[in-house]
Structures are given as C-alpha cells and as structure tokens.
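Let's take a look at the charged side chains here, and at who pairs with whom. Have the sequence and the 3D view open as you read.

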Amino acid sequence: MGQPENRSRRAAVESELPPGQRLQRGWPVTHYGPVPKFRPERWEFRVFGATADGDKRCWTHEEFSALPFSTVVADLHCVTKFSMLGAEWGGVPARTIAALAPPAADVTHVMVWAEYGFSANMRLADFVSERSIFATHKDGELLTAEHGFPLRLVVPHLYAWKGPKWVRGVEYMTADRRGFWEERGYHNVGDPWREQRYSYQEEPGDGPEL
C-alpha cells in the first residue's frame, strides 16, 4: 500500500534537486585545510575595496552579532554532488551588509574572504540576492566550528563552495577576479541548475581567463 506513495515522495524530492545531485540526510564536513581557532577578541569582519565612500567598514564580533538577525529556508548544493534541502539558516542577510557598507556604482563583483586567505568570487547580484545570508545558525542552533562557526556565507542558488566557511570580509570589485577554487579548475559562476562545476565548461563571458 505504501510503496506507490513512497515512490511519489521520492520522485518529488528528486525533482527539487539540480542535475547530478543526490539527497543527503546528514551534513558532511567538507573543507580544505584545518579548522581555524576562533578568538573573539581578535575577530573582525570588514568590507573594503571599491566602497561608495572610499572607506572600509569594520565590525568586531560583538558588533556583528548585534546586527539584525534574519532567517531563510534554503537548500545547500555541494559540488561533490550532495544536496541538503530545506535547512533554516539564521544570521545577517548579505544585502544588509551591502546597505550598511554600500558598494560604488561601478562594482560588478565581490570577493568573499575567509580564514587562511581563502576566497570565493561572485557577481554582485548573486551576493545581494534576497536569500544570500551570512549564517551564524542552522536550524536554530549555532554553527559548529567544522561547519563554519562563527560565520559562513550561504548563497543558495550557487554551489556551496561559493559560500565560504569562517568568513572574515568582503571586497568590492569593479572587475571580476577568480577566487581560490576558481583558480584551481572550478567554474567561475557555479550555478548548480546549469551544472556549472568546472572551468572547462565555461562559455565566453563566464569569467576571466585562467
């Protein structure tokens, strides 16, 4: 009796997945390098580069934690082919940061910087998407260190590597520049629905030359 219903539910879930992805029940830990030690007294989040007023903006951990808190329910699609559906992410929307520290009028891209000099580039429009969020929580609980505490970026409509763990700042750019994985063969845009995994798949206009 239950088999047709189970098949129907499974088909509905699979229809929500981008091409080549599989549903993940847990949340695997995936990152490059060691987990950094969090030192709140030394932690700083900064916005710099081509800002509207030419100055950089900085927040201590206490100041960043006091910014308006929001939640968004969104999926996470890893380029390694697993997807988590319907997680609740809590934190500070990226567009809130862009409003508090506006980019110059000619900014087209951002570079998101994280611990150990890790970076990920994306178009400004992707960064300020209404569901892009600097997450401190998942499903109502603080992120663990392995999953990016104290701060990770989530950009639901791009592959998860575009949202680094252990974020420390954002650089506004007037021209595109490849980040860490984008320099090492990953696609410069990273749209999971178009299965943009690797740089050899890029079309003219997708990014600067390698």
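This is a predicted model: local features need pLDDT of at least 70, side-chain atom pairs count only at pLDDT 80 or more; totals for chains, interfaces and linings use all residues.

R184 comes out as partly exposed, with 48% relative accessibility.

What does R184 pair with? Its salt-bridge partner is E183, and the closest N and O atoms of the two sit 3.7 Å apart. That falls inside the 4 Å limit, so the contact makes the list.

## A buried pair across the chain

Next up is K162, which forms a salt bridge with E182; here the closest N and O atoms are 2.8 Å apart. This pair ties together distant parts of the chain, 20 residues apart. K162 belongs to the loop between strand 10 (152-154) and strand 11 (167-173), while E182 is in the segment after strand 11.

Are these two buried or exposed? K162 has 0% relative accessibility, so it counts as buried. E182 is also at 0% and therefore buried.

## K138 and D139

K138 and D139 make another salt bridge, with 2.8 Å between the closest N and O atoms. K138 is buried, because its relative accessible area is 18% and the cut-off is under 20%. D139, at 42%, is partly exposed.

## The whole count

How many salt bridges turn up overall? Searching the whole structure gives 8, including the K162–E182 pair. As a general point, side chains of opposite charge can pair when their charged atoms come close.

How values were computed: Residues are numbered from 1 along each chain as its sequence is written. Side-chain values use heavy atoms; hydrogens and water are left out. A salt bridge is a side-chain nitrogen of Lys or Arg within 4 Å of a carboxyl oxygen of Asp or Glu. Buried means under 20% relative accessible area, exposed over 50%, partly exposed in between (1.4 Å probe, protein chains only). Helices (H or I, at least four residues) and strands (E, at least two) are DSSP runs, numbered from the N terminus.
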